[in-house]
Amino acid sequence: MTTTRAVPTTRAAQPALDVATRRADFPLLATRVHGKPLVYLDNAATSQKPRAVIEAITRYYETSNANVHRGVYWLSEHATAAYEGAREKARAFLNAREAREIIFVRSTTEGINLVASSFGRTNLGAGDEVLISAMEHHSNIVPWQLICEERGATLRVIPMSSAGELSLEEIEHRLTERTKIVALVHVSNSLGTINPVREVVALAHAKGIPVLVDGAQAAPHMPVDVQALDCDFYTVSGHKMFGPTGIGVLYGKAARLEAMPPYQGGGDMIRSVTFAKTTFADIPAKFEAGTPHIAGAIGLGAAIDYLSRLDWELVAQHERDLLGYASARLQEVPGVRLVGTAAHKASVISFVVAGVHAHDVGTIVDQQGVAIRTGHHCTQPVMDFFGVPATARASFAFYNTREDADALVTALGSVRQVFGG
Amino acid sequence: MSDLTELYQQTIIEHNRSPRNFKKLADANRTAEGYNAICGDKITLYVRLEDDVIKDIGFQGSGCAISQASASLMTNAVAGRSKREAEALFRAFHDMVAGGPDAPADPMSLGKLAAFAGVRQFPARVKCANLSWHTLRAALVAAAEPVSTE
């Protein structure tokens with residue numbers, strides 16, 4: 001192979017991310033599948049976990065396990081300190097002003113449901129509107145549909161271009177006196193588009209409208225600063241940012257969270273309970289009913305520690321290189337068409353292969369050890385917009401390499417072999 | 001490639017490319033819909049049933065090669081058969097792809113349907129092969145709800 005390709009190159013003289021060392025931090029990446037080295041390109045579904053996270057969870061259960069916020073004994077105080085320590089790490093990670101603005105939830109999905117339910121119940125009435133975009137994940141559509149139906153409100157949708165981009169003009173004239181909240185994805189899971197969140201927040205705030213940002217796909221790819229974005233709510237999932245499943249974070253501005261009623265009732269979220277009346281705890285406890293996912297929060301804290309040691313300039317440079325290289329190589333494959341071609345993209349590449357359904361593509365490349373997602377990616381409206389039943393999606397993390405992209409392209413050769421043409 | 005060629009046998013590739021009985025029956029007296037919401041495979045089945053015999057059958061749909069070829073080969077296999085014979089084929093096919101207790105010792109007894117014998121090595125794809133058959137069963141009992149095999 002002596003072909004030269006018009007793809008970005010990393011200049012050897014400049015510092016680069018030490019990918020080999022980072023890969024060694026992730027035990028699962030050494031797995032073999034169907035006799036071939038695993039090429040894991042489904043990071044937008046869930047990322048792999050560094051040893052530091054796995055060990056933090058084990059260590060917690062081996063040395064610190066006790067319920068939090070309850071016991072007066074040493075072990076409980078120890079567990080509480082570790083759990084609240086994780087909250088402080090999450091605060092620093094998102095650059096929130098105060099740790100009490102950090103609510104631990106199960107996932108981004110639960111974070112959105114919390115806001116839709118609690119904010120929606122008190123702020124939405126008949127004729128009011130919730131504004132979302134055409135590229136939302138089902139988790140940022142369905143909770144709003146449910147609360148809109150309950151409150152007699154209307155869900156409105158910001159359209160997108162054929163490249164998968166939103167325009168600020170389209171957003172601005174949909175912000176009306178009836179709009180009570182905007183809920184927008186930061187980075188699209190199926191298209192990779194990075195949305196201009198800060199600008200959208202400024203437009204919405206100019207009309208006094210709060211904004212929730214679904215940050216599930218942003219957190220693994222870029223530093224997030226909720227004060228710089230000035231969003232009212234921001235929510236992430238631990239498992240997509242190299243932490244455990246079952247834990248996520250909802251950030252909310254303190255004044256917003258204080259004005260909202262509880263989402264779930266139970267232990268830990270009360271100040272006093274009688275059969276006549278219950279008074280609620282202050283934030284964040286008000287929104288954390290029941291024993292929380294203590295081990296998960298501590299694992300997420302370990303993931304944040306891991307991420308904070310990375311040089312994010314180098315991560316961004318590496319992922320830009322992967323995006324450019326993989327996009328160019330995929331477009332060389334006969335019949336491949338990229339879906340989602342925004343100017344500002346994270347390293348998420350959706351594509352279709354002419355005449356071959358995405359599930360067949362997924363099965364065939366899996367035989368070469370290449371794990372990609374196929375289907376509608378919980379974004380059926382996006383599939384409808386692009387007129388495809390499903391796409392194949394390769395999503396890269398900082399531990400992926402150009403060789404991973406090469407393996408995908410080689411495996412796609414088998415698709416032609418099987419289907420002919 | 002060997003596992004792949006067992007899954008994607010030429011018969012399947014060919015029926016996916018040129019599905020048989022890909023038509024809406026104007027005089028169908030039974031129809032049913034199959035839809036796997038998670039993967040998006042869709043089948044609408046049209047049957048003209050007379051005296052418990054499948055006099056004519058057609059389908060329309062979209063989805064992966066396995067689901068579409070399965071619908072095509074199924075319509076060929078059950079056309080002209082009685083409900084009872086179609087049910088027996090359903091069971092034999094289901095057990096062949098899902099590895100059930102009645103899996104035919106010799107899949108070739110299923111004729112061209114034996115092309116799907118490789119599916120059992122791919123558990124994630126069994127539901128693709130089964131969708132049209134479950135849809136047929138729904139059509140024959142005149143079920144109102146769409147069928148899913150997920």
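**Close-up views of a predicted two-chain model**

**View 1. Strands β5 and β6 of chain A run parallel.** Strand β5 (residues 129-133) of chain A is joined to β6(A) by five bridges. Strands, like helices, are DSSP runs numbered from the N terminus (strands: E, at least two residues; helices: H or I, at least four), and two strands pair if DSSP finds at least two bridges between them. A:Ile132 has A:Val157 of β6(A) as its bridge partner. This is a predicted model, in which local features need pLDDT of at least 70 and side-chain atom pairs count only at pLDDT 80 or more, while totals for chains, interfaces and linings use all residues. Residues are numbered from 1 along each chain as its sequence is written, and chains are lettered from A and ligands numbered from 1 in the order in which they are written.

**View 2. An open sheet of chain A has seven strands.** The strand order is β4-β10-β9-β8-β7-β5-β6, with mixed pairing. β4 (102-105) and β6 (154-158) of chain A are the edge strands, each pairing on one side only. From one strand to the next, the twist averages 20 degrees. Helix α4 (residues 108-123) of chain A packs on the sheet and touches β4, β7 (179-185), β8 (211-214), β9 (233-237) and β10 (248-252) of chain A. Contact here requires C-beta atoms, placed from the backbone, to lie within 7 Å. The direction of α4 makes about 150 degrees with that of β9(A); axes are lines fitted to C-alpha atoms, for helices over the stretch in contact, and angles run from 0 to 180 degrees between N-to-C directions.

**View 3. A:Ile283 lies in a loop of chain A.** The loop is between β12 (278-280) and α10 (294-308) of chain A. Why is A:Ile283 classed as buried? A:Ile283 is buried because 20 other C-beta atoms lie within 10 Å; the class requires 20 or more, whereas exposed means 12 or fewer and partly exposed is in between. Leaving aside residues up to four places away in sequence, A:Ile283 touches A:Arg100, A:Ala254, A:Leu257 and A:Glu258. The C-alpha atoms of A:Ile283 and A:Leu257 are separated by 7.0 Å, although these residues are 26 apart along the chain.

**View 4. Two domains of chain A are in contact.** Domain 1 (19-48 + 311-419) and domain 2 (53-308) divide chain A, with bounds from an automatic or database domain assignment. Their C-alpha centres lie 28 Å apart. The contact joins 27 residues of domain 1 to 25 residues of domain 2.
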